[in-house]
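Have a look at the fold first.

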Amino acid sequence: DLLADLEFFLGRWDAAAQLAEQALGKDPNHLTARWVRAQILTARGEYAKADKEFEWFIHRYNTEQFQEPEKLLYVARAAAEYARWNKLPDEFDFILNDLLPDAAVQEDCWQAHWLAGQILIEKYNKQEGIPALKRALAINPNAVEALTALALSSAQDYDFVEGNNFVEQALKVNPRSPDEIGRAHV
């Protein structure tokens with residue numbers, strides 16, 4: 001549930017785990033609760049258990065073929081983690097060419113463009129990744145995630161002026177977003 005996700009973000013893992021388990025007790029297919037559980041397991045270093053949780057999203061998608069952008073984003077994020085951990089590069093093609101375009105059908109789904117940009121840059125394709133991040137910002141100019149991804153990309157290119165500009169924009173939106181901004185400060 002969303003409260004579990006918030007508790008995890010705030011670093012209150014025990015509270016997040018308890019809320020996620022309560023939600024899963026009511027609905028074992030609750031995507032947000034599953035995502036939170038996978039994140040908690042990862043943060044605690046229980047990688048084998050987390051890997052099974054990420055794999056669960058792929059099987060669930062194969063069974064249900066979600067169409068809702070929010071659900072597709074959970075599947076895409078989990079599939080990306082699973083692909084990274086298990087060295088499955090072909091999985092990224094499916095994420096980038098099927099899952100995320102289906103999520104982006106909803107015009108305000110900036111997260112699909114942000115995630116695509118993140119993955120493309122991670123896979124050394126800035127030529128497509130940067131425009132994807134900028135599409136996310138065109139939809140939501142306050143998307144701290146996209147701003148910090150652009151800041152990190154700029155820093156990797158040793159363009160610290162541009163990187164700092166993106167960081168400053170992100171800080172104007174949310175000066176208390178340590179997870180995103182802290183990683184991007186250049």
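Which residue with a positive phi follows α9? That residue is Y158, and its phi is near 60°. Do keep in mind that this is a predicted model, where local features need pLDDT of at least 70, side-chain atom pairs count only at pLDDT 80 or more, and totals for chains, interfaces and linings use all residues. Residues are numbered from 1 along each chain as its sequence is written, and side-chain values use heavy atoms, with hydrogens and water left out.

**Helix α9**

Helices here are DSSP runs of H or I with at least four residues, numbered from the N terminus. Helix α9 covers residues 144-156, 13 residues in total, and spans 18 Å from its first C-alpha to its last. That is close to the 18 Å expected at 1.5 Å a residue, where the expected span is 1.5 Å times one less than the number of residues.

Most of α9 is covered, with 10 of its 13 residues buried. Buried means under 20% relative accessible area, exposed means over 50%, and partly exposed lies in between (1.4 Å probe, protein chains only). Among the buried residues of α9 are V144, L147, L150 and S154.

**Salt bridges**

The structure holds 12 salt bridges, each one a side-chain nitrogen of Lys or Arg within 4 Å of a carboxyl oxygen of Asp or Glu. Three of them are set out here:

| Pair | N to O distance | Relative accessibility |
|---|---|---|
| E53 and R37 | 3.2 Å | E53: 10% |
| R84 and E122 | 2.7 Å | R84: 29%; E122: 29% |
| D157 and K126 | 2.8 Å | D157: 48%; K126: 23% |

The side chains of E53 and R37 meet in a salt bridge. This pair links distant parts of the chain, with E53 in helix α4 (residues 47-64) and R37 in helix α3 (residues 31-43), 16 residues apart. E53 counts as buried.

R84 forms a salt bridge with E122.

D157 forms a salt bridge with K126. Because D157 lies in the loop between α9 and α10 (160-173) and K126 in helix α8 (residues 126-139), the pair ties together parts that are 31 residues apart in sequence. Salt bridges that share partners also join E21, R34, R37 and E53 into one network.

How values were computed:
Helix = DSSP H or I, 4+ residues; strand = E, 2+ residues; numbered from the N terminus.
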